[in-house]
Amino acid sequence: MIGKKIYRFTEIDSTQDFAKEIADEAEEGTIIIAEVQKKGRGRLNRVWFSPPGGVYLSVILKPPLSQNFFPPISLLASIAVAKAIKKLGLNPSLKWPNDVLLNGKKVAGILTETNSKWKAVILGIGINANLDIETFPEELRETTSIKKELQKEIVIDNFIKDLEYELNQVYFLFIESRLAYILKEWKSFSQMFNRRIEVRTPTEVIEGKAVDLDEDGALLIEMSDGSLRKIIAGNVKIL
Ligand code: BTN
């Protein structure tokens, strides 16, 4: 069960790194939460700005499945975050592969890391909860926070409990291999399907119509000649 054991820190370098250190011995579902991270990490080696007021947590997952089945974990985490935010009365959307947006701006990010040694997935979630975006470094001001969108602060502990609940719900579906349902839920939070999009991958820029996700969570795009392309990583812009 996710959240049966929780480590809480007022300050840490990165919950993700601590989770990796204890991953071998830790029980499945162990959560590491910090109020502040000094070396928070985002995807693609970016820094994750982690001042007080945000939610920074990592979950150690040990799914009883082969590692080939791990890719959808970041999709399911983004669904859980979106649902917890929706409960606050906001209207989140998801941007492929796993950013959570409010009013088109990023409010939360997910980082999943695994390797064959740990046989575990470290699921990192960073949420701009009670943050004032004006205090963010210049290059990060294009993001938003729950506080900004709601015009008030939330009770972080209650929010984390809701998030735990949602994570448990969707993780259970994953263990039960109910992938089709998870993909359907993810798609219901996304605004890109049946629209023209541009995807920037590390090597090229691709334009086409977003048609679906495959069972690994890869994005399927219909090209102008009618062929389908499968995209595993990239940055999406709706045109
Ligand atoms: C992204 O780039 O969108 C992913 C951000 C993930 C940030 C979280 S905060 C908790 C955990 N610890 C880290 O150092 N990173 C992740």
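**Salt bridges and the ligand shell**

Tutor: The side chains of Arg41 and Glu113 meet in a salt bridge, with N and O 3.0 Å apart (a Lys or Arg side-chain nitrogen within 4 Å of an Asp or Glu carboxyl oxygen). Arg41 sits in the loop between strand S2 (31-37) and strand S3 (55-61), and Glu113 in strand S6 (residues 105-115), so the bridge ties together parts 72 residues apart in sequence. Helices (H or I, at least four residues) and strands (E, at least two) are DSSP runs, numbered from the N terminus.

The model is predicted: local features need pLDDT of at least 70 and side-chain atom pairs count only at pLDDT 80 or more, while totals for chains, interfaces and linings use all residues. Residues are numbered from 1 along each chain as its sequence is written, and side-chain values use heavy atoms, with hydrogens and water left out.

The ligand is surrounded by 20 residues, the closest being Ser14, Gln37, Arg41, Arg43 and Lys106 (a heavy atom within 4 Å). At Gln37, a polar side-chain atom lies 2.9 Å from a ligand nitrogen atom. At Arg41, a backbone N or O atom lies 2.7 Å from a nitrogen atom of the ligand. Arg43 likewise places a backbone N or O atom 2.7 Å from the ligand, in this case from an oxygen atom. Of the 420 Å² of accessible area that the ligand has on its own, the protein covers 99% (Shrake-Rupley, 1.4 Å probe). Helix H1 (15-22), S3, S6 and strand S7 (120-127) are the elements that give two or more residues to this shell. Of these, S6 gives the most, with four residues. S6 is also the strand that holds Glu113, the partner of Arg41.

Across the whole structure, a search finds 18 salt bridges. In one network of them, Glu11, Asp13, Lys38 and Lys39 are linked.

Another bridge joins Arg196 and Glu207, whose closest N and O atoms are 3.6 Å apart. Arg196 belongs to strand S8 (residues 196-200) and Glu207 to strand S9 (residues 205-213), so this pair ties together parts 11 residues apart in sequence. Arg196 is partly exposed, at 42% relative accessible area, and Glu207, at 42% relative accessibility, also counts as partly exposed.

Asp214 and Lys230 form a further salt bridge, at 2.9 Å from N to O. This pair links distant parts of the chain, 16 residues apart: Asp214 is in the loop between S9 and strand S10 (219-222), and Lys230 is in strand S11 (residues 228-231). Asp214 counts as buried at 11% relative accessibility, while Lys230 is partly exposed at 46%.

S11, the strand of Lys230, pairs with S10 in the antiparallel sense over four bridges (DSSP needs at least two bridges for strands to pair). Within that pairing, Arg229 in S11 is the bridge partner of Ile221. S10 and S11 form a hairpin with five residues between them, and Gly226 in the turn has a positive phi of about 90°.

Definitions and conventions:
Buried < 20%, exposed > 50% of the residue type's maximum accessible area, 1.4 Å probe, protein only. Polar contact = N/O pair within 3.5 Å; in protein donor to acceptor, adjacent residues only side chain to side chain.
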